[in-house]
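Have the structure open as you read.

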Amino acid sequence: MAHSDHDHHEESPIFLPYRPRRNRASAAIRSLVRETELSPQHFILPMFVVEGRSVEEPIGAMPGVARLSIDRLVETARKAADLGIPAVALFPALPDPLKDPFARESANPNGLLQHAVAAIKSALPQLAVITDVAMDPYSSDGHDGLLQEGRIVNDETLPILAEMALAQAEAGADIVAPSDMMDGRVAFIREALDAHGFTEVAILAYSAKYASAFYGPFREALDSKPRAGDKKTYQMDPANVREARREALLDQEEGADIIMVKPALPYLDVITTVQAAVDLPVAAYQVSGEYAMIQAVAEKGWMAKDDLILETLISIRRAGADMILTYFAMEAAALLR
Ligand code: PBG
């Protein structure tokens, strides 16, 4: 029988000098050539805390995430630590009567957040606790800075943020994380911490934080949407990346210890740019809306959730993030086991 076209290939293969597929031939080889590593040690779990006991209030747009009372919060933090996750980031959900235009409750040494920090540090001293510094969870205006005559005033906000950071440090926070985007707040907070002896409390600066629709579910979780207006006079324009570089460099100069980019997946180029610009470690925040999108398509059965989780997280790492805040931290850690 004459040779068919089919076995022609086996006898004289096409000469190709480069065959990149050789490095994908087996799981063993793929693991040898993998450029980026993803492991639970890169994750920070954001958590929402609420007053009460044995409380677990589901958040509509964040299936699988709940506001937890302190007892449940500590239980969950323990599970996270057991999975190899080194840090949690805490956000308090306060009832309206505790909110005012000056976010006064944020400086209360006996406030909900302060109690939550102390409870986790006493139960799990090895777990790093990160606290958010911004007025919005405490503000009756729902803004990160002080609202005066329809404008967010920068310099008047700084002392409020410093008081908040001090209360958090006093409670035992390892890292305070200003997410407010006021100018000069990193230096201002650093100075206040040092003046009160908290030289070892680190600052994780939300340096490039964009005015993003992806925060929607988070604002539902804390009932913290701006009562009027938007956050565009302080959070960044999604169109800009050079400005992110500048914000990151300023925060590095002002004494930040870690620089953050937020959101993550729609801003991978920003992560890469910022990582190249600074000498500090870089964090990225896979925010509530990124979480919600993945949960929603998974519920629809349109894409495979586990694969989406791992692919988005490795992409964020590949872009240049050393660490990732993600509501999937525990799920991802379990998948990586
Ligand atoms: C508040 C803050 C926000 C987030 C973290 N800190 C919301 C906002 O700026 O409106 C968003 C996190 C998320 O969406 O998961 N300063």
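## Two helices side by side

Helix α4 (residues 112-123) packs against helix α5 (residues 154-171) at an angle of about 30°, and their axes are 8 Å apart. Helices here are DSSP runs (H or I, at least four residues), numbered from the N terminus. Axes are lines fitted to C-alpha atoms over the stretch in contact, with angles from 0 to 180 degrees between N-to-C directions. That makes α4 and α5 roughly parallel to each other (angles under 35 degrees count as such).

Where do α4 and α5 meet? L113, Q114, V117 and A118 in α4 touch A167, Q168 and A171 in α5 (contact means heavy atoms within 4.5 Å). The residues of this contact split into five nonpolar, two polar and no charged.

## How the model was read

This is a predicted model: local features need pLDDT of at least 70 and side-chain atom pairs pLDDT 80 or more, while totals for chains, interfaces and linings use all residues. Residues are numbered from 1 along each chain as its sequence is written, and side-chain values use heavy atoms, leaving out hydrogens and water.

## A80, tucked into α3

A80 sits in helix α3 (residues 70-82). Its relative accessibility is 0%, so A80 counts as buried (under 20% relative accessible area, 1.4 Å probe, protein chains only).

Leaving out residues up to four places away in sequence, A80 touches L45, I85 and M330. A80 and M330 are 250 residues apart in sequence, yet 6.0 Å apart in space, C-alpha to C-alpha.

## The core

The largest nonpolar core has 113 residues, and F48, L90, I120 and I271 have the most contacts inside it. The largest share of this core, nine residues, comes from α5.

Definitions and conventions. Parallel < 35°, antiparallel > 145°, perpendicular 65-115°, else oblique. Nonpolar A, V, L, I, M, F, W, Y, C, P; charged D, E, K, R; others polar. Buried < 20%, exposed > 50% of the residue type's maximum accessible area, 1.4 Å probe, protein only. Core = buried A, V, L, I, M, F, W, Y, C linked by side-chain atoms within 4.5 Å.
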